[in-house]
Amino acid sequence: MRLYTEMKETVVRRLTTFPKVAMILGSGLGYLTEQFEEPLAIDYREIPGFPTATVEGHSGRLVFGTFQGLPVVAMEGRFHFYEGHRIEDVSSPIYLFKELGVSNLLITNASGGINRSFSPGDIVAVTDIINFGFRNPLRGENDRRYGPRFPDMSEIIDFAWLKVLKSRLEKAKIDLKEGTYCWTLGPSYETPAEIRAFEFFGADLVGMSTVPEVIAARHCGIKLLVLSCVTNMASGILKEKLTHADVVKTANRIRPKFTAVVQHAVESIKETEQ
Ligand SMILES: O=P(O)(O)O[C@@H]1C[C@H](O)[C@@H](CO)O1
Ligand SMILES: Nc1nc2[nH]cnc2c(=O)[nH]1
């Protein structure tokens, strides 16, 4: 995968410290990088072979810095299959992170709540996924330097990391729910009949991202945590129509809570290593 080493070389020329933790910031959640100390932003367009972000609420920069005392990198804006990217491009940032020596990846997203005990504004730790996009970023020749041809998917996240996070959040009295995230291709939102079908199949959340990134992270062995912000109830559950503007608005509304949860998630990494 010459492409990833080329990407790495371009990025590394600008870095003084290599990141340990990577974050992918979902729709409307890019504000988190404001918390980084000594930030250094690299536009996606400067990185050879890196796709460009086209969605509102995804600004298209890699931001390096220090967060909670750890060297980090965040994607302000991710790549979705519905934007027209190839499926292997959607997951390419994960392999760049691997090349940079990242050990822990925190994926975030905005999603529609299917589980009726969820409400808009809730934060949910994703503990399993359903690939209803029916695309796999590992299709094609396997590069064994990154991982096996047939990666195990029986535990998608690092449950030890989640355990520490849950105990910290319990002490801080911050609510964290858990659930299964179902990927649809988008960009149209779902019909009520589709949501009823996904509910039947065990989905708690629905969204248009994350699953290709999770598969790539499992493939190359990066420790993973996935946090979803429920920005709306999924189609048909409430009477309201769904708009991306409302998705971004809800993501913004929970800024303080979301920031606190991510702070605790990064702090938790230190504890899992003790
Ligand atoms: O990138 P994420 O998954 O956070 O964004 C969600 C899915 C679509 O891109 C968009 C729809 O409103 O929000
Ligand atoms: N597919 C999908 N993605 C979302 N992202 C935020 N809300 C939703 C939703 O209801 N459906």
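This is a predicted model: local features need pLDDT of at least 70, side-chain atom pairs count only at pLDDT 80 or more; totals for chains, interfaces and linings use all residues.

Modeller: Around ligand 2 there are 15 residues, of which A110, G112, V206, G207 and V247 come nearest. The elements that contribute two or more residues to this shell are β5 (104-113), β8 (205-207) and β9 (223-233), and β5 gives the largest share, with three residues.

V247, one of the residues that come nearest to ligand 2, leads on to helix α7 (244-253). Within α7, the residues V247, V248 and A251 are buried. They cover an arc of only 90 degrees around the axis, which puts them on the same side of α7.

Ligand 1 has 13 residues around it, and G26, S27, N109, M208 and S209 come nearest. The shell around ligand 1 is made up of four nonpolar residues, eight polar and one charged.

The UniProt record, an unreviewed entry, places the feature "binding site" at E190 and N232. Although these positions are spread over 43 residues of sequence, they cluster in space, the largest C-alpha distance being 12.3 Å. N232 is found in strand β9 and, with 23 C-beta neighbours inside 10 Å, counts as buried because the threshold is 20 or more. Leaving aside neighbours within four places in sequence, N232 is in contact with G112, P120, L242, D246, V247 and T250; among these, G112 and V247 are also listed with the residues that come nearest to ligand 2.

E190, by contrast, has its place in the loop between β7 (177-183) and α5 (192-200), and it is buried, with 21 other C-beta atoms within 10 Å. With the same exclusion of sequence neighbours within four places, the contacts of E190 are T184, I195, V206, A234 and S235, and V206 is again one of the residues that come nearest to ligand 2. The loop that holds E190 also contains P187, and the peptide bond from G186 to P187 is cis, with omega near 0 degrees.

A further backbone detail concerns T210, in the loop between β8 and α6 (211-220), where phi is near 70 degrees, a positive value in a residue other than glycine. T210 counts as buried, with 25 C-beta neighbours inside 10 Å.

As for the chain as a whole, its secondary structure comes to eight helices and nine strands, and 47% of its 274 residues count as buried. Among contacts between residues at least 6 apart in sequence, 83% join residues at least 24 apart. For 274 residues, a compact globule would have a radius of gyration near 19 Å, and the 17 Å of the chain agrees with this.

Technical notes
Residues are numbered from 1 along each chain as its sequence is written. Chains are lettered from A and ligands numbered from 1 in the order in which they are written. Helices (H or I, at least four residues) and strands (E, at least two) are DSSP runs, numbered from the N terminus. The radius of gyration is taken over C-alpha atoms; the globule rule is 2.2 Å times the number of residues to the power 0.38. A residue is buried if 20 or more other C-beta atoms lie within 10 Å of its own, exposed if 12 or fewer, and partly exposed in between; C-beta atoms are placed from the backbone. Two residues are in contact if their C-beta atoms, placed from the backbone, lie within 7 Å. A residue is near a molecule or strand if its C-beta atom, placed from the backbone, lies within 6 Å of it. Ala, Val, Leu, Ile, Met, Phe, Trp, Tyr, Cys and Pro count as nonpolar, Asp, Glu, Lys and Arg as charged, and the others, Gly among them, as polar. The arc is that of the directions from the helix axis to the C-beta atoms. UniProt positions are given in the numbering used here, feature names are shortened, and annotations may be inferred rather than shown by experiment.
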